[in-house]
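These are my notebook entries on one structure. I record what I looked up and the criterion behind each term.

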Amino acid sequence: MPAESSERAPHAGTGASYAAAGVDIEAGDRAVELMKEWVKKTRRPEVLGGIGGFAGLFDASALKRYERPLLASATDGVGTKVDLARRMGVYDTIGQDLVGMVVDDLVVCGAEPLFMTDYICVGKVHPERVAAIVKGIAEGCVLAGCALVGGETAEHPGLLGEDDFDVAGAGTGVVEADRLLGADRIRTGDAVIAMASSGLHSNGYSLVRHVLFDRANMSLDQQVEEFGRTLGEELLEPTKIYSLDCLALTRTTEVHAFSHITGGGLANNLARVVPDELHAVVDRSTWTPGPVFDLVGKAGQVERLELEKTLNMGVGMIAVVPEESVDAALTTLADRGVDAWVAGEITERGETATGATLTGTYAQ
């Protein structure tokens, strides 16, 4: 994860240099040294070498145990949530958001996340800050059971302010071909099991920031009674990572599909895994969204449908399972500390139905 390399310091005289242009190679090198201990914690047996090389290595012979291994790939970022981390000076949680966005897209098809790489773009390398970001990424990878095999820290003076940064990442997973999950497995009568989110996760922050700061004039250090903490602490709550929980479900019971509830909301994301001839009906009365969703709605006078197509409304992952697998699925999730419940079912699709519909009113 080294920064761009060049001369260590400007030459005497009037000649131009990389350092004079704003790129600090020594700071980049120090950032790499600080992050090494965290990256090491993500190591899997298949990983070869350490960070600092030009490419991360993963021993593909480990895939020989598969009859027909399918590789799955996903990439994502954290979005404008990084601005809140910058404003609060808290950098060691945003990495978990990044990992969650990537690995939980991989697991939707039943794939086990194997490894990730990251890309951190900064206006100026502050070694401790970059290391804190990587610490969060590494801790997220541990929660997901995948390795962090490399990445890049890029310094972009003149394009970004000294305190500005952004993060992105890519991940690779593997699934046995005959274990691939998706729409073709879903049947009428299947149950829709919802898994609770930890909060806003990492989607909809452009709306959230506009509503809470531009319209409601709230501040990050403002205490909010419903949260039992400050607004900033609530908004920076890391994304829950479900990959190991989902994989545990596939081992203990039959699962037909997963849906990661991200940008677009529950209905739109669930519709992505429902076959054209079927329809998912989700009952709002089966859960109560957390107070942060109510705050955003009231502070911005945001209509419910607008909230639901932007935010996860308290559901971060969906599992679609046959009816006879419901008890086993709920038991597995409960044993793993995941708050989950039956939120709906799969039905025949009517003439006017879309892929997924929310019905009823949220429980109070």
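**Entry 1: terms and numbering**

I began with the rule for strand pairing: two strands pair if DSSP finds at least two bridges between them. I also noted that helices (H or I, at least four residues) and strands (E, at least two) are DSSP runs, numbered from the N terminus. The model is predicted, and local features need pLDDT of at least 70, side-chain atom pairs count only at pLDDT 80 or more, while totals for chains, interfaces and linings use all residues. Residues are numbered from 1 along each chain as its sequence is written, and side-chain values use heavy atoms, with hydrogens and water left out.

**Entry 2: the sheet**

I looked up the bridge partner of A280 and found A356, in β14. The strands concerned, β11 (residues 278–283) and β14, pair in the parallel sense over four bridges.

I then followed the sheet as a whole. It is an open sheet of six strands, in the order β10-β12-β7-β13-β11-β14, with mixed pairing. Its edge strands are β10 (257–260) and β14 (356–359), each of which pairs on one side only. On average, neighbouring strands of this sheet are turned by 25° against each other, direction ignored. For such angles, axes are lines fitted to C-alpha atoms, for helices over the stretch in contact, and the angles run from 0 to 180 degrees between N-to-C directions.

I checked two further pairs, both involving β13. β7 and β13 are antiparallel and share five bridges; the partner of I193 in β13 is V342. β11 and β13 also run antiparallel, joined by five bridges, and here L278 has E348 of β13 as its bridge partner.

**Entry 3: helix α11 on the sheet**

Which strands does helix α11 touch? Helix α11 (residues 326–335) packs on the sheet and touches β7 (191–196), β12 (315–321) and β13 (340–348). Contact means heavy atoms within 4.5 Å. The direction of α11 makes about 10° with that of β7.

I next separated buried from exposed residues (buried is under 20% relative accessible area, exposed over 50%, partly exposed in between, with a 1.4 Å probe and protein chains only). In α11, the buried residues are V326, A329, T332 and L333. They lie on the same side of α11, because they cover an arc of only 135° around the axis. The arc is that of the directions from the helix axis to the C-beta atoms. On the other side of α11, D327, A334 and D335 are exposed. The cover over the buried residues of α11 includes β7, α7 (243–252), β12 and β13. After α11 comes G337, with a positive phi near 80°.

**Entry 4: helix α9**

Which residues of helix α9 (residues 291–299) are buried? I found V292, F293, V296 and G297. Their arc around the axis is only 135°, so they are on the same side of α9. Among the elements that cover them are α5, α6 (231–235) and α10 (304–308).

**Entry 5: two helices that cross**

I looked up helix α2 (residues 81–88) and helix α5 (residues 205–215): their axes come within 8 Å and cross at roughly 50°. The two helices are therefore oblique to each other. The scheme is that angles under 35 degrees count as roughly parallel, over 145 as roughly antiparallel, 65 to 115 as roughly perpendicular and the rest as oblique. The contact is made by K81, D83, L84 and R87 of α2 with Y205, R209 and F213 of α5. These residues divide into three nonpolar, no polar and four charged. Here Ala, Val, Leu, Ile, Met, Phe, Trp, Tyr, Cys and Pro count as nonpolar, Asp, Glu, Lys and Arg as charged, and the others, Gly among them, as polar.

Is Q301 buried or exposed? Q301 is in the loop between α9 and α10, and it counts as exposed because its relative accessibility is 68%. Its phi is positive, about 50°, although Q301 is not a glycine.

M313 is in the loop between α10 and β12. Its phi is also positive, near 55°, in a residue other than glycine. M313 has a relative accessible area of 6% and is therefore buried.

T93 counts as buried because its relative accessibility is 19%. T93 touches L236 and P238, not counting residues up to four places away in sequence.
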